[in-house]
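Thanks for coming, everyone. Please have a look at the sequence and the structure on the screen before I start.

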Amino acid sequence: MRKVAIAFGFKGVLCEKILEAQKILKNHLNIKYMSIDHSVPHITLISGKSKNTNLLYNALKKNNFKKFKIKSPGLGIFANNKPNLYLRWESGINKKKISKSIIKKVSPLFSLIDHNSKDELWVAKTTIAWNDLKYSHFEELYKKIQFMFSTHSTVVKSIYVIDYTIKETITHTINLDN
């Protein structure tokens, strides 16, 4: 069994800002888990255990999903033992419609779906820092990456199949139509 996720992919200015924020956190606060052990920024739709990433890819590649714009009101924090700093996403009609369609198609191909991927708990987010982020970092973090504490937008241009069994790796990319 592989640990696998299906995610929305985006590139461009916002992706570069997220990578820059992660680089600053790594260089100035030694917060590096997300920048070292993870693939490019994305929005996970569903994750869990599946036998084969090729089956997931084949289920998704036949769709005619279109690119869509998505907006972020800024950063948020999940306050847990290991705080999670993430970019929040607004819930637009295109995102909801495509997300539900993707989840419906791939859910039967998962032998186990992660608890946080279940509809009632799922939050559209892009994690910026987690695991090695501490509450004591917050004041300095705010000063260093203040440019992330504002509204943003980007275009979702692809769907990723990500294997995170050992290290997060994009195994397949499905480009969305115009």
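What we see is a predicted model, in which local features need pLDDT of at least 70 and side-chain atom pairs count only at pLDDT 80 or more, while totals for chains, interfaces and linings use all residues. Residues are numbered from 1 along each chain as its sequence is written, and side-chain values use heavy atoms, with hydrogens and water left out.

Helices (H or I, at least four residues) and strands (E, at least two) are DSSP runs, numbered from the N terminus, and two strands pair if DSSP finds at least two bridges between them. Here three strands make up an open, antiparallel sheet in the order β4-β5-β7. Its edge strands, each pairing on one side only, are β4 (74–78) and β7 (125–129). Between β4 and β5 (residues 84–88) the antiparallel pairing runs over five bridges, and F78 stands opposite N84 in β5.

Across β5 and β7 lies helix α1 (residues 13–29), running at about 25° to β7; axes are lines fitted to C-alpha atoms, for helices over the stretch in contact (heavy atoms within 4.5 Å), and angles run from 0 to 180 degrees between N-to-C directions.

Finally, N52 and K167, 115 residues apart in sequence, are 16 Å apart in space, C-alpha to C-alpha.
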